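This report goes through selected side-chain and backbone features of one protein model.

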Amino acid sequence: MSRWQEFQGVNAAYVAELYERFQQDPASVDPETRAMLAALPPPESAAGREPAPRAATGSMGTVDLHTVIGAVNLAECIRKYGHLAAQIDPLGKPPIGDPSLDPASHGITDDDLRRLPASLVGGSVAHGAANALDAMERLRRVYCSTTGYDYAAIFVPEEREWLRQAAEGGMFRPPIDPIDPHELLERITEVEVFERFLHRAFPGKTRFSIEGLDMMVPILDEVVADAAERGIRHVMLGMAHRGRLNVLAHVLQKPYAQILAEFKDPVKKRTAYRIDLGWTGDVKYHAGARVRVRGTDRHDVLISIAPNPSHLEAVNPVVTGMARAAATRTASGGPPVVDHDLTLPILIHGDSAFPGQGVVPETLNLARLAGYDVGGTIHIIANNQLGFTALPEESYSTSYASGLARGFKIPIVHVNADDPEACIEVARLAWAYRAKFKRDFLIDLIGYRRHGHNEGDEPSFTQPLMYQRIAAHPTVREIWAGVLRERGWIDQPGVDALVQARLKVLDDALTALEPGSDLVEPIPEEPAAGLARQVKTAVPLERLQALNEALLERPQGFKGHKKLERGRERRRAMFASHDERTVDWAAAEELALASVLEDGIAVRFTGEDVERGTFSHRHAAFRDVETGAKYVPLQSIPQARAAFEIYNSPLTENATIGFEIGYNVQEPARLVIWEAQYGDFINGAQVMIDEFLTSGRAKWGLTPSLVLLLPHGYEGQGPDHSSARPERFLQAAADINLRLANCTTAAQYFHLLRRQALLLESDPLPLVVLTPKSLLRHPLTPSAPRELAEGRFEPVLDDAEARARARAVRRIVLCSGKVYVDLVSSPHRETSSHVALVRIEQLYPFPVEELTKIVAAYPEAAEIVWLQEEPANMGAWEFVRPLLEQAVGGRYQLSYVGRPRSASPSEGSAAWHALNQRAIIEEAYGVVPAASPVPVGAQS
């Protein structure tokens with residue numbers, strides 16, 4: 001093997017560089033290095049013809065080349081694996097260690113290193129070092145102290161070299177970058193005394209103390225201050241409950257009075273059990289907050305922390321979505337402009353949750369995707385080396401809690417939470433890397449948890465030895481105060497005075513507390529009633545025609561796909577008649593979005609295969625068949641007064657929907673849409689739906705207005721591609737917290753989208769649309785242009801044919817969505833003059849008023865049937881039944897027609913599906929008796 005092949009990794013390049021300099025000018029290297037390089041064969045020598053190794057002779061004596069190679073490789077191993085020998089556990093657990101860090105593993109000794117030049121080690125540590133041993137010891141002090149630099153997964157040479165120079169050159173630590181030791185002591189004192197005070201004033205009350213990870217607050221201080229100096233306008237934090245109250249108090253500047261009032265938990269004169277007001281609130285350690293502070297160049301910096309449920313890590317994509325929204329400018333047509341120098345997301349993770357929760361890798365995967373890039377997130381693992389009761393060996397298979405971040409090429413630094421100076425250095429490094437490379441950075445802050453999982457828990461039941469060590473272990477405040485005393489910078493009375501001063505502030509706040517008035521709940525304002533009915537969504541025909549023409553334009557020389565070009569020609573003739581049903585579903589959607597852009601409302605549209613659409617119906621982006629160039633018509637229409645963006649999302653629901661929720665709540669004036677490949681895929685985002693979308697208003701005062709497009713309909717595709725599970729949204733529907741629609745015409749969809757956009761600021765609500773699949777191209781789905789120009793969204797659609805013979809109608813069939821088309825296409829339609837087919841186009845808020853008027857128009861009707869494709873325990877039946885009973889009173893017999901209760905959403909056989917579908921259609925028309933009549937007032 002060639003001598004050059006024995007050098008490892010970047011050391012091979014380093015030695016080659018030295019050799020090249022030596023060849024060009026031997027005087028450019030020091031004498032010892034010159035003697036060593038003179039003994040090396042040229043790097044291009046073939047292995048079979050390479051001269052035998054020679055000894056280098058210089059002022060340090062004779063050196064064997066194997067010793068040189070061993071020294072260079074040892075330096076490389078320290079740089080790569082030194083973190084394995086770092087003392088990063090404050091409780092004294094021995095480091096993992098690695099044999100490659102021992103000189104003997106490389107066939108060398110300390111005496112050998114003394115005879116070698118420091119230049120072999122390279123980098124800043126070699127400057128001024130007496131020899132390679134001296135340089136190697138300096139290298140160990142960098143990589144094997146209380147900080148572990150874990151960079152082996154960084155493959156970009158520029159990033160790797162910058163990180164190495166930052167660490168070895170002491171770029172972010174004293175004396176190059178000084179720390180104010182007294183200010184740091186004061187800050188740590190604030191953090192510790194706050195926890196001690198709460199522990200004394202509210203014994204046993206849950207607060208999820210930060211104690212053991214106190215340096216988290218100074219780390220955040222440092223990152224925020226550095227970011228503000230660089231012009232960041234908005235810092236966005238996401239974290240679970242560990243240490244959250246301390247961060248709220250000291251980083252978000254939440255008043256002590258407000259926090260103490262939450263501990264008092266006043267009922268504010270409520271004398272009855274009331275949760276029917278649309279506001280329930282949440283526990284204090286889930287709450288969000290925001291504060292505006294003054295930056296160094298006089299611009300304001302907004303610091304906010306998103307509310308987070310007890311589903312650990314769920315907030316991660318929400319925060320990154322918020323950051324993307326705040327960094328995006330949408331005030332003009334075309335694609336939006338994203339400025340990553342405006343926002344900084346910071347995510348604080350738990351050491352068990354980071355490797356354990358799937359939303360973490362989902363969120364990390366978004367970081368470098370064009371539609372989700374936020375210019376880098378700073379991650380901090382609040383690592384107390386313990387889950388609730390589970391130890392690391394029970395929680396993750398990697399060497400560190402941070403292990404999975406390696407796969408995403410994220411620099412990781414493990415730091416001992418009891419070394420304040422090291423923590424500050426790492427905080428500065430994290431921000432500087434993010435600012436330079438616009439990539440994620442991870443700080444693994446390793447500490448401990450002074451109390452149990454919560455303050456009422458007894459941790460010594462499961463970790464008796466660990467908690468014996470913790471009980472005897474000094475706090476980081478005590479440790480840092482001791483350092484300052486040793487340096488002669490403070491005495492013990494000065495340390496005690498700081499503690500007493502902070503206790504007095506808190507005691508005074510508690511004494512002056514007025515819980516009833518100091519407790520401020522973020523209850524959102526209720527919108528005015530009836531706004532959804534009043535909004536005007538019609539668009540004049542002239543506008544629609546002009547938009548359609550603009551959407552059909554292509555760049556000069558653009559070569560589109562022939563099949564798509566034929567569809568384009570059909571679109572040109574769409575407005576030839578204003579009364580023929582020529583506007584299909586895709587055209588209605590595109591015209592709705594174009595008109596919204598013309599109204600000055602920006603649109604963000606993401607989801608699974610949304611550019612083309614799962615069913616190849618949308619084609620929002622075209623590709624030139626010769627060049628592959630991409631063209632998005634909605635980004636090119638001259639009428640647009642706001643930006644449009646559309647991105648295919650990765651094949652994940654939890655993180656992508658969380659991201660869009662965050663984007664939406666951050667910029668509520670933009671129309672944000674997410675589409676599933678199939679509606680049942682929404683199952684993968686149930687945490688986001690339950691925690692943020694449907695209950696966020698009641699718990700935290702959020703006002704989401706995200707649109708979810710979920711393909712739904714029973715067409716024989718099996719249990720997994722039939723249902724968007726509307727029953728789950730209906731189960732969560734209360735206090736007018738969402739809208740759920742199941743449209744059957746293109747015009748209805750057009751008006752629904754426009755209504756949503758026009759209500760964004762006055763009456764924002766999430767909109768869930770059960771979108772069609774086969775109906776996308778069904779001849780009954782298209783609408784006439786006049787319906788877009790003169791109509792509005794109708795929550796209930798009457799049966800126009802039956803209305804003409806209203807007195808003949810005895811049975812009213814209520815249904816929603818695609819099953820209506822099956823009904824109206826049935827041969828029984830023509831022979832069933834006694835049946836009226838009424839479509840419920842909006843399932844929530846349920847249109848009781850509109851339905852009651854329609855039912856009253858059939859004076860001879862005696863029976864109302866609810867028809868659905870879904871099993872009885874799914875779909876809308878169990879939600880609408882009590883509402884129908886209340887609406888129809890005792891006048892009508894109420895019956896259910898549909899599939900019986902089932903554990904599975906649908907049949908797995910297409911033939912079985914067709915048989916059952918035909919049976920429920922016949923039953924709805926009364927060809928066979930209804931299987932389950934339900935007398936009004938009967939119990940389920």
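## Charges over rings

The charged end of R604 sits over the ring of Y372, 5.5 Å from the ring centre. A second case is R803, whose charged end sits over the ring of Y858 at 5.7 Å from its centre. A charge is taken to sit over a ring if NZ of Lys or CZ of Arg is within 6 Å of the ring centre and within 35 degrees of the ring normal.

The model is predicted: local features need pLDDT of at least 70, side-chain atom pairs count only at pLDDT 80 or more, and totals for chains, interfaces and linings use all residues. Residues are numbered from 1 along each chain as its sequence is written, and side-chain values use heavy atoms, with hydrogens and water left out.

## Aromatic pairs

Across the whole structure, a search finds 17 aromatic pairs. Rings of Phe, Tyr and Trp (its six-membered ring) pair if their centres lie within 6.5 Å; planes under 30 degrees apart count as stacked, over 60 as edge-to-face and the rest as tilted.

One of these pairs is W162 with Y433: the ring centres are 6.2 Å apart and the planes are at 50 degrees, so the pair is tilted. W162 belongs to helix α6 (residues 157–168) and Y433 to helix α15 (residues 420–437), so the pair ties together parts 271 residues apart in sequence. Helices (H or I, at least four residues) and strands (E, at least two) are DSSP runs, numbered from the N terminus. W162 counts as buried at 14% relative accessibility, and Y433 is buried with a relative accessible area of 0%. Here buried means under 20% relative accessible area, exposed over 50%, and partly exposed in between (1.4 Å probe, protein chains only).

F615 and Y678 form an edge-to-face pair, 5.6 Å centre to centre with 90 degrees between the planes. This pair links distant parts of the chain, 63 residues apart: F615 is in the loop between β13 (603–607) and β14 (622–623), and Y678 is in the loop between β17 (671–675) and α25 (686–693). Both F615 and Y678 are buried.

Ring pairs also build a cluster from W162, F172, Y433, F437 and F441.

## Packing of α24 and α25

Which residues of α24 meet α25? N654, I657, G658 and I661 in α24 meet V687, M688, I689, F692 and L693 in α25, where contact means heavy atoms within 4.5 Å. By class, this contact has 7 nonpolar, 2 polar and no charged residues. Ala, Val, Leu, Ile, Met, Phe, Trp, Tyr, Cys and Pro count as nonpolar, Asp, Glu, Lys and Arg as charged, and the others, Gly among them, as polar.

The axes of α24 (residues 654–666) and α25 come within 8 Å and cross at roughly 25 degrees. These axes are lines fitted to C-alpha atoms, for helices over the stretch in contact, and angles run from 0 to 180 degrees between N-to-C directions. The two helices, α24 and α25, are therefore roughly parallel to each other; angles under 35 degrees count as roughly parallel, over 145 as roughly antiparallel, 65 to 115 as roughly perpendicular and the rest as oblique.

Q666 is also in helix α24. Q666 is buried, with a relative accessible area of 15%. Not counting residues up to four places away in sequence, Q666 touches H234, M236, M322, A325 and A326.

## A buried strand residue

T147 lies in strand β3 (residues 147–150) and counts as buried at 4% relative accessibility. Leaving out residues up to four places away in sequence, T147 touches A86, I88, V142, V413, H414, V415, A422 and V426.

## Backbone features

Most residues other than glycine have a negative phi, and most peptide bonds are trans.

| Feature | Value |
|---|---|
| P174 to P175, cis peptide bond | omega near 5 degrees |
| Y844 to P845, cis peptide bond | omega about -10 degrees |
| K409, positive phi, not a glycine | phi about 60 degrees |
| R725, positive phi, not a glycine | phi near 55 degrees |

P175 is in the loop between α6 and α7 (181–201). K409 is in the loop between α14 (392–395) and β11 (412–416) and is partly exposed, with a relative accessible area of 29%. R725 lies in the loop between β18 (707–711) and α27 (726–732) and is buried, with a relative accessible area of 14%.

P845 lies in the loop between β24 and α32. F846 has its place in the loop between β24 (842–844) and α32 (848–856) and is buried at 11% relative accessible area.
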